[in-house]
Amino acid sequence: MAARHPIDRKLVVSPTLASGRELLRRLSLVSDGWIGFEVTTPRPLALRLSLPEMERAGLVALDAFDGQALLDEAMDAAMPRPGSDLRALVDGVGFRERVHDAIEALRLAGVGPADVEKARLADWEKRRFLRQALQRFEELLLERRRVDVAGLLRMGYEALEKTGGRIPDALDADILLLLPGLGTRGVAGSLIAALAARGAKVLATDAVVGLETPEPILWKPTKNPSTRSYLHAPGSLPGESEQPETEFFRAASVNDELREVLRRIAERGLSLDRVEIVSPDPEAYGAALHLLSERLGLPVTYAVGLPLERTRTGRVVRAYLEWIEEGFQAHVIRRLLEAGDLRPPRSRQQHAAAALARRFRSLRIGWGRKRYRSQIRQALAGVDRQGPGRQDLEDSFRRRQERTRSELEALRSILFPTLKETPTVPDRMGEDGKRVSPAELARGLRAFLRRVPKGVGPDANAREDAEHILERIEATLVRRTDFRAAVTVLRRHLTVRVRAGSVRSSDEVTAWSAEGGHLHLSDFEHGGFVGREATFVVGLDADRVPGFEGQDPVLLDSDRRVLNSGLPTSAELMRERVFRFAALYARLRGAVTLSHCAWDAAQARSLAPSPVMLQALRLAREDPALTFQDLDGALGGIVCAVPAVGRAPLDRDDVWMGELGRGGVMRSGVDAVSTAFPRLAAGLPARRALREGTPGPGHGVIEPRPDVLDPRRNPSLVVSASRLESLGACPLRYLQSSVLGLRPPDDPELDPDRWLDALRRGSLLHGVYEGTLRAAREQGLTPDEEAFESLALDVLGRAIQLTRDEVPVPGEGTLRRETGGLENDVRAFVRMVRRTGAPWVALELKFGLGDDEPVIMPLEGGGLRLRGAIDRVDEDLVGIHVIDYKTGVARDFAGTGAFNGGRRLQHALYARVTEERLGGEVATGQYHFPTVRGEHRTLVFDRLARARVGELLGLMLDGVASGSFVPTDQADDCRFCDFAEVCRVKKKGFGKLNSPMADWSQEHLNAGVWPAFGSLKRVRMFEG
Ligand code: SF4
């Protein structure tokens, strides 16, 4: 055709622009070029034909977004009857999408509302719903002067009919060419038939022998089938046929399969632009190839693009949707800040990503949209209130203050515009949920994307495409719906592919084409047109090829048959798939390698090769009798991460894995890693020592430094009762927290069922008890009066309000539940006070804190400096009583003596402090449990019980002086320990814990072998 009509204008109608374009590129390689050729597809061709009529009638073509908005409106108008099955489904986003597809399919098949009405569908409710939705959709198209794809194709057809038997001028072509593979169904088929009637020629393509051509595919086979045309009839292959090279292999994963492809390319010395990879699953293989090619620095073009989520824009889109769906959790933003995916406007870009992420973390936002504003505003106000510390130089303080302010302002400029544009959405528990539209969410997302660096290549393309999609959603999808449904709609519209190369989106055609110097990945529809020297057809497992074609859930196969209008059934679609693969195989030239992935890691099952591989083997060996057993032999061993002996390594991974697997034995590689990474190597003996049991630094046994670590000898060490109790419970914990100063990160963690953790709940209740007793005395109220309880509940209400600013609330339901629980506990406190009285002489008696001098407790070996705060001191006729509130349960106290093996010291220490500070003699140290769980219990320790506390402290501090901080011998001590993760503590079930460190200690404590256990053993045995 090119030779016969070198300068005529030739319009080629192709199933897709990319496949037509690739064909022309191939033409330019094998003949005189593509002068005069132009590629189009049925839709733009119909638009060209119908443009004059559309302009005359003031009609506008619908895009996907307008289309969805109109279809939604049509569905709302056709609402099924209340109580029907369909009514229950109609707001679900999945159902709506399926109905959209069904209505589009009916329109493209040329089925109108009257046809649906007449059809005897089994489900009459569905028939009524579809008929009404279709009718309303057509009315809306008319009212709004819009044309959908089906309407466009029909108008194109009508325009053709009006022109008589010639090619219309609007097409600006001398010759019309139709590519095989075009669909001949419905209104598109009518248009193609009308073109053919006006002299359009169907180009011949490689024949498919042994399969019937499905009726709805335009097809014209060449007279001389190629060798690969005989895929489904290997026995019919003429004897003299030339047999092109065909290879087979299988791999353990998609990644291994692609690595093997690259290895073979390297071994054959092929340049990248002489190779095409064809896959039935361009999504999975495209993502894996992108990752691999980025690491290896290989240029690749993708016929169907890259999924948006492989780009920075895609990552940010996903993060934003997760952020608003999961209650605005701060860790999502922190991750983006750390990765540099969120940046302030150019004027504020002087801060490193890590510095902004650190500043953001210090705000302790946790979750909840309101907290972003309140925490940033409070922190900014706090910057102005800051003054230099005692050790600070004025200059350095000012610089630090300025940096803090500037970082906070940068965070404000990133987050506030997005929060302003994001509509109110339900919290994580689904409360406070108003209906929102995809348009409103798109506006918030656009504001968020403005703070994302544009990047280059696929990142820039993705940003451009996402911007365009969001703009259209904002303009069209304004129907308010359930929040989750709106998010799903947004997500689906953003599930798109973007150009991988440097080509901009404005060039619709070249953006998806194979480029010189690039490896090319395509799918079955586009594959084989580029005519490259070697083709790798990957992903040929039985699950993917021929795959599975399920029934449409709205228009069932039975409905399609009843409608009798050429709507394809699932079986017909499957036949077409099989045929299209055979057509692809027939057009492949040069060497072909077929492969499949043999293992599905997600489902932990093996994958069988596709039957088409067996057909290809039969054809390659010219033996139709071959079986899957023969194919198994041809596929050989499974290619895995360890390259086979003698294979050229692709990269460092291949070199490393090749060495590990040399000689057929898998080595551990530890020695090589240790040599290359000395710091890792240093950790290995430490890990061994931890297991082997010789007490050392890993177990908390360190070089003795009594002058530094023993509080009796170092006057700068002031300790609290809780620190000493921590030493009593587990010396290793004391070493980590009080000596090494380790702290867990202070990030609020979202627990949907809990607002306050035990520590914060306890401290809130302590504040309420103190505030109530103090206010009651000021107001002259006694506990027996009715107003006392109201006062206590008021104090609680205020404390809850204050704590809300500090600790974000996971949801209003959780807050309501916890507030109810706290009120019950406060009422329990009131009842207890009414029963036991509260003749207090001091509340929150602080000592050794701030400017106050510590209380010194004389011990053998030196004085122990104490600090802390005593909850309450009472005085009655018996004497002075020191009271400590406990908000847990009292059962841990049973049978544990006065000191519980060194874990309970507060009552005795506070008695000493009280005597020192207030004078007199303390009669008892008491623990009160004034909560519902605590059952109002009171535990009392008298003078006798606490008399030996000094002796016990001496034993404990002897361990400190000797550098012996061995772990506890009881796993239960690890239950609420900050270092549980460091010590690898795990839950065992039935409330039990598995603590390797505690087990190790228990094993050695009484063995009498290691002196390091001497102190802990004496402490545990102190009360017998
Ligand atoms: S987890 Fe257990 S062994 Fe480890 S420091 Fe904490 S209490 Fe001690």
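Helices here are DSSP runs of H or I with at least four residues, numbered from the N terminus. This is a predicted model, in which local features need pLDDT of at least 70, side-chain atom pairs count only at pLDDT 80 or more, and totals for chains, interfaces and linings use all residues. Residues are numbered from 1 along each chain as its sequence is written, and side-chain values use heavy atoms, with hydrogens and water left out.

**Ser 413 in H16**
- Helix H16 (residues 394-421) contains Ser 413.
- Ser 413 is buried, with a relative accessible area of 15%; buried means under 20% (1.4 Å probe, protein chains only).
- Its side chain reaches the backbone oxygen of Ala 410 at 2.7 Å.

**H12 against H17**
- The axes (lines fitted to C-alpha atoms over the stretch in contact) of H12 (residues 312-325) and H17 (residues 438-449) come within 10 Å and cross at roughly 125 degrees, on a scale from 0 to 180 degrees between N-to-C directions.
- That makes H12 oblique to H17, the class left once angles under 35, over 145 and 65 to 115 degrees are set aside.
- In contact terms (heavy atoms within 4.5 Å), residues of H12 including Val 316, Tyr 320 and Trp 323 meet residues of H17, among them Leu 441, Leu 445 and Phe 448.

- With 21 residues (786-806) at 1.5 Å a residue, H31 should span 30 Å, and its end C-alpha atoms are 32 Å apart, which agrees; the expected span is 1.5 Å times one less than the number of residues.
- Among the buried residues of H31 are Phe 788, Leu 791, Val 795 and Thr 803.
- The buried residues of H31 pack against H30 (758-779) and H32 (812-836).

Note on methods:
Helices (H or I, at least four residues) and strands (E, at least two) are DSSP runs, numbered from the N terminus. Buried means under 20% relative accessible area, exposed over 50%, partly exposed in between (1.4 Å probe, protein chains only). A polar contact is a pair of N or O atoms within 3.5 Å; within protein, one must be able to donate a hydrogen and the other to accept it, and residues adjacent in sequence count only if both atoms are side-chain atoms.
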